[in-house]
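Here are a few notes to read alongside the structure. Have it open and find each spot as you go.

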Amino acid sequence: MTPLLHPFLVNDRFGDPALFVDFKFEKRALLFDLGDLHALDPRKILRLDAIFVSHAHLDHFAGFAQVLRVLLGRNRHIRLFGPAGFIDRVEHALAAYSWNLADRFSTELRLTVTEVLSAAEGRRASFRLKDAFRREHDAAIDLDGGLVHTGETFWVRAAVLDHRIPCLAYAVQEMAHVNVWKDRVNRLGLEVGPWLRALKRAVLQGDADDTPVRTATREGGERVLPLGTLKCELLEIVPGQKIAYVVDALYSERNVERIVALARDADTLFIEAAFAREDEDRAAERYHLTTEQAGRLGRLAGVRRIEPFHFSPRYAGQQARLTQEVNEAFSGHQP
Ligand SMILES: [Zn+2]
C-alpha cells in the first residue's frame, strides 16, 4: 500500500522548524510551524489548507508573512492553529501591514484561527482580507480530547506542552483504508453496489459488529447480514498513517506523558533535539530536549521511525554525532 502522506522538513536539521505534509492524489497539504520558508516552493504554499503552529517564538512563526504574500490575491480559506494567545499574535502580525487597498481585491483570503488552550477548550476567530483583516466571530469553542482539525481523510490532534510558555505538539492521523475483495462479494452470492459504500462508512465510524446491513443479492433481491460477518468476509482494513510533530519542550514528567500519548505508535515522529546528550542541564534551562531525551521519547511512544531536527547551531558540523545519540537512545542500545 503506497503511503498517502508525504512529510518532509523544509529546512535542514539545523534550520528553522517547518514540516510540510503533502497528500498524494489530493491538491492539499498541511504545514507544521512557520519557520523560514524561503526553501519552500510557492506552488507548495498554494496547496496549503491548514497550518499548525507550535508556539510564536520567532524561528517557528517568522514565515507567516511569506505565506501571506503567496496567498494574497488568491481565493483561499486557511485554517491556522496555535497555543494560548495565538489569535492575538496573528492579529498583531496582520496589523503590522497597511490594508487600505484590501477592498479593491477581487479575491478573498480568509484566515480562521484556532487557539488550543487545553485538550477540552479553545478559542476561534477569523480574519478576512476584504475587511482589512479585522478580527471577527471571536468565540470560545469546545475541543474533544485535543482533536483540533478533521479533514475528509484524516484528523489532527494537539497536546499542550510546557516550553516555559505553552507549546503545541501535533499528530496527524490518516483514517483507515477499507478495501473490498470484489471476487468474494460474488462468492457470497451478492452483487456489488452502493451498499458497499455504506458498509465501508459503517466500518470507518466504528459501528458494532451486530449492526444489520442491507446488501444486494445476485438475483436482484436484498439480504440483511450483520456488519461483523461482512467485515471479515469481504473487507481488508489497512490502518492509516500517523505522523507526530514535537518541538520545543522541557523533559518533564508531564511533557513526557503527553508526548508519549500523542505520538503513540506513529509511523514517523519528527522531534526537536536541540541539545547534545552531555548538555542536559543547558537543555533544561532553555526548556528544550536533548538528543538522548528525544530518542527515548520515540522509544517510549513505540514509533516506527524517528526524525530528529532543530539541532542548535552550536553543534554545526556535528550532525552525525547528534543523530547517533538520538538513534542510540531510540533503539535502547546506550553506550
Ligand atoms: Zn521555542
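Predicted model: local features only at pLDDT ≥ 70, side-chain atom pairs only at ≥ 80, totals over all residues.

1. α8 and α10 (residues 291-301) pack with their axes 8 Å apart, at an angle of about 50°. The crossing of α8 past α10 is right-handed.

2. Which residues meet where these helices pack? From α8 come Val-256, Ile-259, Val-260 and Ala-263, and they meet Leu-297, Leu-300 and Ala-301 in α10. An α-helix has 3.6 residues a turn, so residues three or four places apart point the same way.

3. On to the metal. The zinc ion has His-55 (NE2), His-57 (ND1), His-163 (NE2) and Asp-248 (OD) as its protein donors, 2.2 to 2.3 Å away. Angles among the 4 donor atoms run from 88 to 171°, and the site is irregular. His-163 sits in the loop between β10 (154-162) and β11 (166-174), while Asp-248 sits in the loop between β16 (242-246) and α8 (253-263). That pair is 85 residues apart and links distant parts of the chain. Buried or exposed? Both His-163 and Asp-248 are buried.

4. Last stop: α7 (residues 227-234). Its buried residues are Leu-227, Gly-228, Leu-230 and Leu-234. They pack against several elements, including α5 (182-187), α6 (195-204) and β15 (235-238).

Terms used. Residues numbered from 1 in each chain as written. Heavy atoms only, no water. Donors = N, O, S within 2.8 Å, 3.2 Å for Na, K, Ca; no water. Tetrahedral: all angles 85-135°; square planar, octahedral: opposite > 155°, others 65-115°. Helix = DSSP H or I, 4+ residues; strand = E, 2+ residues; numbered from the N terminus. Buried < 20%, exposed > 50% of the residue type's maximum accessible area, 1.4 Å probe, protein only. Axes fitted to C-alpha atoms, helices over the stretch in contact; angles between N-to-C directions. Left-handed = near helix turned anticlockwise from the far one by under 90°. Contact = heavy atoms within 4.5 Å.
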